[in-house]
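Please open the model in your viewer and keep the selection panel at hand. The stops below say what to select next and what is there.

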Amino acid sequence: MKVRHRTVRLPLAQPLRISRATMAARDAVWLAVEYRGHRGYGEAVSSTYYGLDARTIRRLLNDTAGALARYRTPETALDALRAGELPAPGTPPAVTAAVESALLDLVGKRAGRPLHQLLGAPTAPSATTARTLGIGAPRAGAEQAARLARQGFSVLKVKVGLPDPEDDLDRVLAIRDAAPHARLLLDPNGAWTTAQADSLLPRYAALGVEAVEQPLAPGDPEALAALAARSPLPVIADEDAAGEEDTRRLAGRVHGINVKLAKCGGVTAALRIAELLAGSGTALMLGCLTASSLGLAPAVHLADRARWADLDGHLLLAHDPWTGIGGTDGTVRAGRLPGLGVRPVHRPRPHRAPVRHEAEAPR
């Protein structure tokens, strides 16, 4: 197998402000794994929160390239990844997810089958996706909400967490009035204290908000579970629920867990988390980082397994360099083409930064 990667910049259509930061662009590293005329792709994006920059991603992919060369076929490499033998221990979940994505894309293309069929779903999943509204002025939020509602979005995820909670309430009220038929989700990104959450949750319930994601600062899952037990609104864990261990701790104690492939380690890890949640009373939410359609595609193939889908990261970009999952009308759809079902909008330039461990795998 031959492995190459390339770094690209993904500017957002407009800066996205959340309670802890404002983001205007992300770096993405595209991974390509080639074997006997087929090529599979994956994407890992930089994240300040997770301490992952493009340089680190490239270094880790270089290390993984040497490991991939030891496997005879993409299928055996994928089996090794599923068994936890690949990549090396300590590899960040986002990198593992990108490697798995490329292998799944490659294996699907070799088999002539889309990813959802490889995962046991006969028909292509589709899901209503939330659309994120960053922190801003009430009037701007109302105008954006009205525009999105006209486009077909029926779920709006509103970022909150301003120093004065009344400012957030004013904006959510304006958004609700501008899009009265939309379902509203809130995401403070851990900005509230317990006292604030106890005060604000009943008020948001009165406004018709459907659920609140990670209201408390991460690091105290017991406090989050206790809040969920007395909350008038469903509480969804995000930053406090990174992987399987966190899921076991919170299953049945919060109303939902936001599973992001870049956070948990990819499709295989997400499926294990879904199994852990089954029958627990805790619902699955599928989320994402801001990324291209390439980065979101694996999650879209799982979309029919989730109660909530927040798979709009590609819709926040000024230009999505990949296509194949839709979403501009409020619904994401898994591609029916073999593999991930996505393709570049323009043919990619030759991959820069060829990986040193580029030898053909033994046959």
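Begin by selecting Gln214, which is buried, with a relative accessible area of 0%; here buried means under 20% relative accessible area, exposed over 50%, and partly exposed in between, with a 1.4 Å probe and protein chains only. Gln214 has a positive phi of about 40° although it is not a glycine, and its place is the loop between strand 8 (211-213) and helix 8 (221-230). Helices (H or I, at least four residues) and strands (E, at least two) are DSSP runs, numbered from the N terminus.

Before going further, please note that this is a predicted model, in which local features need pLDDT of at least 70 and side-chain atom pairs count only at pLDDT 80 or more, while totals for chains, interfaces and linings use all residues. Residues are numbered from 1 along each chain as its sequence is written, and side-chain values use heavy atoms, with hydrogens and water left out.

Select next Asn189, in the loop between strand 7 (183-187) and helix 7 (194-206). Phi of Asn189 is near 50°, a positive value in a residue other than glycine, and Asn189 counts as buried because its relative accessibility is 8%.

Move on to Pro87, in the loop between helix 2 and helix 3, where the peptide bond from Leu86 to Pro87 is cis, with omega near -10°.

Helix 2 (residues 74-82) and helix 3 (residues 93-111) pack at an angle of about 145°, with their axes 9 Å apart; axes are lines fitted to C-alpha atoms, for helices over the stretch in contact, and angles run from 0 to 180 degrees between N-to-C directions. To see the contact (heavy atoms within 4.5 Å), select Pro74, Glu75, Ala77, Leu78, Leu81 and Arg82 of helix 2 together with Thr96, Val99, Glu100, Leu103, Leu104, Leu106, Val107 and Arg110 of helix 3. By class, this contact has nine nonpolar, one polar and four charged residues, where Ala, Val, Leu, Ile, Met, Phe, Trp, Tyr, Cys and Pro count as nonpolar, Asp, Glu, Lys and Arg as charged, and the others, Gly among them, as polar.

Which element gives the largest share of the lining of the largest cavity? That share, six residues, comes from helix 3. The largest cavity holds about 260 Å³ of space, and of the 25 residues that line it, the closest to its centre are Glu43, Leu261, Ala262, Gly295 and Leu296. On a 1 Å grid over the protein atoms alone, a cavity is a set of points where a 1.4 Å probe fits but cannot get out, a pocket is an open set with protein on both sides within 12 Å along at least five of seven lines, and lining residues have an atom within 4 Å of a point. Grid points are joined across faces, edges and corners, and a volume is the space filled by probe spheres set on the points.

For the largest pocket, with a volume of about 610 Å³, select Ile18, Arg20, Met23, Arg26 and Leu289, the closest to its centre of the 31 lining residues. The lining of the largest pocket divides into eleven nonpolar, eight polar and twelve charged residues.

Finish with Cys264 in helix 10, which counts as buried because its relative accessibility is 14%. The C-alpha atoms of Cys264 and Pro93 are separated by 5.7 Å, although these residues are 171 residues apart along the chain.
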